[in-house]
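Have a look along with me.

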Amino acid sequence: MEKSEAAFRTIGEVSAELGVPQHVLRYWETRFPQLRPVQRAGNRRYYRPADVALVRRIHNLLTHEGYTVRGVQKLLADKATSDPAPAPTPVAATPAPSLAELREIRAMLAQALATS
């Protein structure tokens, strides 16, 4: 049975999902003040969906984008101080071509293939 996207994740689940050892996730908590999972009895960590998204972003920046820990710290700090991005404007949907238009395109393509 799989958890919903809104469910809290344990450190083991996040670790397994990303392929990152648990001690690395705990280290990231010390380096990135934005990353604060809920800690319950016995210091058990529970990552909220926002925490998981942040861990994924940190992991991507460090492993795929080539950032250093300090670079990611600066990037996250700059993002926190900048104004939030404006909401994207909706794109007007283009109408789907009619059946007649599609047949016309097919005929033009068939003719182009026949002449080549």
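Predicted model: local features only at pLDDT ≥ 70, side-chain atom pairs only at ≥ 80, totals over all residues.

**Entry 1: salt bridges**

I began with charged pairs and counted 4 salt bridges, taking a salt bridge as a side-chain nitrogen of Lys or Arg within 4 Å of a carboxyl oxygen of Asp or Glu. Residues are numbered from 1 along each chain as its sequence is written, and side-chain values use heavy atoms, with hydrogens and water left out.

Which residue forms a salt bridge with Glu17? I found Arg56, with the closest N and O atoms 2.5 Å apart. This pair links distant parts of the chain, as Glu17 sits in helix 1 and Arg56 in helix 3, 39 residues apart. I take helices (H or I, at least four residues) and strands (E, at least two) as DSSP runs, numbered from the N terminus.

For exposure I use relative accessible area: buried is under 20%, exposed is over 50%, and partly exposed is in between (1.4 Å probe, protein chains only). Glu17 is partly exposed because its relative accessible area is 40%. Arg56 has 34%, so I put it down as partly exposed too.

Next I looked at Asp51 and Arg48, whose side chains meet in a salt bridge at 3.1 Å, N to O. Is Asp51 buried or exposed? Its relative accessibility is 5%, so Asp51 counts as buried. Arg48, at 31%, counts as partly exposed.

The side chains of Asp78 and Lys74 also meet in a salt bridge, at 3.4 Å, N to O. Both residues lie in helix 4, 4 residues apart, about one turn of the helix. Asp78 is partly exposed because its relative accessibility is 41%, while Lys74, at 53%, counts as exposed.

**Entry 2: the overall layout**

I then stepped back to the whole chain, which has 5 helices and 3 strands. From the N terminus on, I read the elements as β-α-α-β-β-α-α-α. Buried residues make up 22% of the 116 residues. Among contacts (heavy atoms within 4.5 Å) between residues at least 6 apart in sequence, 43% join residues at least 24 apart.

**Entry 3: the nonpolar core**

I define a nonpolar core as a set of buried Ala, Val, Leu, Ile, Met, Phe, Trp, Tyr and Cys residues joined through side-chain atoms within 4.5 Å. The largest one has 17 residues, and those with the most contacts inside it are Leu25, Trp28, Tyr47, Val55 and Ile58. Helix 1 (11–18), helix 2 (22–31), helix 3 and helix 4 (69–81) each supply at least two residues of this core. Helix 3 gives the largest share, 6 residues.

What does Trp28 touch, not counting residues up to four places away in sequence? My list reads Val20, Leu35, Val55, Ile58, His59 and Leu62.

**Entry 4: His59**

That list sent me to His59, which lies in helix 3 (residues 49–63). His59 counts as buried because its relative accessibility is 15%. Leaving aside neighbours within four places in sequence, I find His59 in contact with Leu18, Val20, Trp28 and His64.
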